[in-house]
Amino acid sequence: MAGLLPFSLLLFSRFGFFVLVCGHLADFTSTVKPTVVSGVDPATKRLSSAWTSNAKEVPTTDFTTSYRKSTAETTTESVNRKEGRKDVRKEPTTKEDEGPLELAKRTKRSLKLAKKLERVQEKPKVIPRKSKINKTTKAQINKGSHHQLPAPQCPPLGLESLKVKDSQLRASSYKRRGLGPHRGRLNIQSGIEDGDIYDGAWCARYKDKKQWLEVDAQRLTRFIGVILQGRNSIWSWDMVHTYKVQFSNDTLLWKPCMNGSKEAIFEGNQDPETPVLALFDTPTVARYIRINPQTWYQNGTQGDICLRAEVLGCVLPDPSNNYAWQTEPTESQDRLDFRHHNYKEMRKLMKSVHDECPNITRIYSIGKSYKDLKLYVMEISDNPGKHELGEPEFRYVAGMHGNEVLGKELLLNLMQYICQEYKLGNQRIIHLVKETRIHLLPSMNPDGYEMAFKKGSELAGWALGRYSYEGIDMNHNFADLNSVMWTAIELETDRSKLINHYFPIPEQYTSEEAFVAPETRAVISWMQTIPFVLGANLHGGELVVTYPYDMTRDWAPREHTPTPDESFFRWLAAAYASTNKVMSNYDRRPCHNKDFLRYNNIINGADWHNVPGSMNDFSYLHTNCFEVTVELSCDKFPHASELPVEWENNKESLLVFMEQVHRGIKGVIRDKDTKEGIADAIIKVEDIDHHIRSGDGDYWRLLNPGEYRVTVSAEGYLPSSRTCDVMYDHFPTICDFYLTKIPRRKVKDILGKEGKRPKDAQQRLRQLRIRKLRVTTKAINQRRAAARRV
């Protein structure tokens, strides 16, 4: 009975200051019933009263835990606060109220518990009951899909996000440097080769039950749970099946996590990749925590003790503030909605931004996903809904991989920020809005995002939600125009007949049978509708900016494959990376298996890995748009508590990159006699083997500072050339052209020789293929809509 009553304990720290810790009795001997979750849908609504104060810990009841035969027998307790019996009251819930999902599953029982806890005004009266002993068998093992759990209130310490430094991780032993304790981080990815310094887990040198991985929180922390994974490797299959947990304040005296009178044993992994969550029934305050494997996959005699982990805990206030210099900012000065948004919440937020700034915003849809979710775009401009002559079009695309969610939240933050700052009179933002037409697509793969969102930030794993609902990786789903170009170069002997831009989509890609995602079709159609000049594709899982080409020429695993605009693409990549607070920090460690600090955090995409059918390459070869990929963070799905810091890390980079659309030259190409704009005119820059085309007469050519000889030609007109100087200013050089029509006598000579007027066959074929792609897309959508109605 005494062990359940709250009390206050005054501890004298080893550092010479006093800390008041409130919790259960027994110097780390609190009863801890292990609770395990594997792939559980996290809670939408947190328990507002449970685990919110260190001064008043309330025992958790109504939980049943089952184990394998080899583990300790467990007890089941059911206690009512006032009457000593169960009293379950069901609360109505609706899906419309669902919010961001983090780490636990919303259940009727957990909501009932929350309501009961809110009514507690004084210390609960607990009537002890004789525990019923349940001996479990193998058939009774429950991996957590039916456990009723309170929602965890404490965030991850940051093993996955690298907030926990390498020096804070220790182990009893490790096989080699590449399998050291610093590699025991949740979702860390190994290199292609086993044996290098970038392996995919911590692996103990010895195969016994005395091995452990230790995390130093550096301050007193209220630990509430552990998440475990096995080893990431294409050559090995290693994981921990069961494990124990111990706590300490000084690394000398260790107290185990208890289950009644016996040491608790937690269920681990049955495969290397699925994260498994174990919540402690009673949170424990300590500085150090150890994970002690008990059983593991043997693989005959070849199995190793290997694991990746994340620890959940709330760092307690430090009275002496000894570690203030190590404290990272956790808030932003900007008043934005920092949380994860599912599809409905994203739509509501976008509408709220439009309602707040109706004069500079417009929401439109470019198509639908396989599951009929609209792909919404936020347009920001001083004249929304209209292309203004001479004003460049810019786009950000996020969520191509649904589980890489940071890009989505950053774009939602960005549209809020621009709206707020525009109203406040921020001259930088006002100039950007008036001189640029901005398009923000927060979620290109909403179906995949919803799958990851339901699991939550730590339990989604590395790949859940990456692909579309049909299982398509959209970053490999665009037409492979690189192979078309390189094949033509190898076969064509007359180089004057070669093209280097506006490549038509291959015929087979436009058919209804083509394995092309509806989301990809929608984005391609969007590219045709709007003359984009610059864009970025936001991803996650690394810290680097990549630029085209993404595909190697000879299908090598990796090889530097530059475009004719290599120098400007490097400028674009550096503009983002150099202003990003994390990328520009040279004290940071590599995320996974490649050290991009050696490349100043920018790299040619093909020099990293081969990506055929990427959106970057397609955009460069099929349209005028220059596009790069930004890998925003080591953690694909950061916890909601980390979003304010991630916004501060990327805010300046997002703005600076948008401003690069005003680099180079721009102008209007007109008919000399009528002064009307000439569409589809070809703009050639001497010594750069990549041309662009005009829109409705206006054009933009992104270039580094320098002097360039520019030639413009159009069907039915004589070519015109002039020299254009690009300065280091933050605005483009104006280079207008006036073209003269080909004289009638010369046209007659051409008609006499060829029997017809010269035509731009390349452009006509390109337009024909686009029309066919749209027709087949419409037919597919109609067929799916009919199937849904049936």
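Modeller: Cys-154 counts as buried at 2% relative accessibility, where buried means under 20% relative accessible area, exposed over 50% and partly exposed in between, with a 1.4 Å probe and protein chains only. This is a predicted model, in which local features need pLDDT of at least 70, side-chain atom pairs count only at pLDDT 80 or more, and totals for chains, interfaces and linings use all residues. Residues are numbered from 1 along each chain as its sequence is written, and side-chain values use heavy atoms, with hydrogens and water left out.

Biologist: What makes Cys-154 and Cys-314 a disulfide?

Modeller: Their S to S distance is 1.9 Å, and a disulfide is a pair of cysteine sulfur atoms within 2.5 Å, so the pair Cys-154 and Cys-314 qualifies. Cys-154 lies in the loop between strand E5 (132-134) and strand E6 (169-171), while Cys-314 belongs to strand E15 (residues 306-315), so the bond ties together parts that are 160 residues apart in sequence; strands here are DSSP runs (E, at least two residues), numbered from the N terminus.

Biologist: Why is Cys-314 called buried?

Modeller: Its relative accessible area is 16%, which is under the cut-off of 20%, and therefore Cys-314 is buried.

Biologist: How do you know that Cys-724 and Cys-735 are joined by a disulfide?

Modeller: The sulfurs of Cys-724 and Cys-735 are 2.2 Å apart, which is within the limit, so this pair also counts. By this rule the count comes to five disulfides.

Key:
Helices (H or I, at least four residues) and strands (E, at least two) are DSSP runs, numbered from the N terminus.
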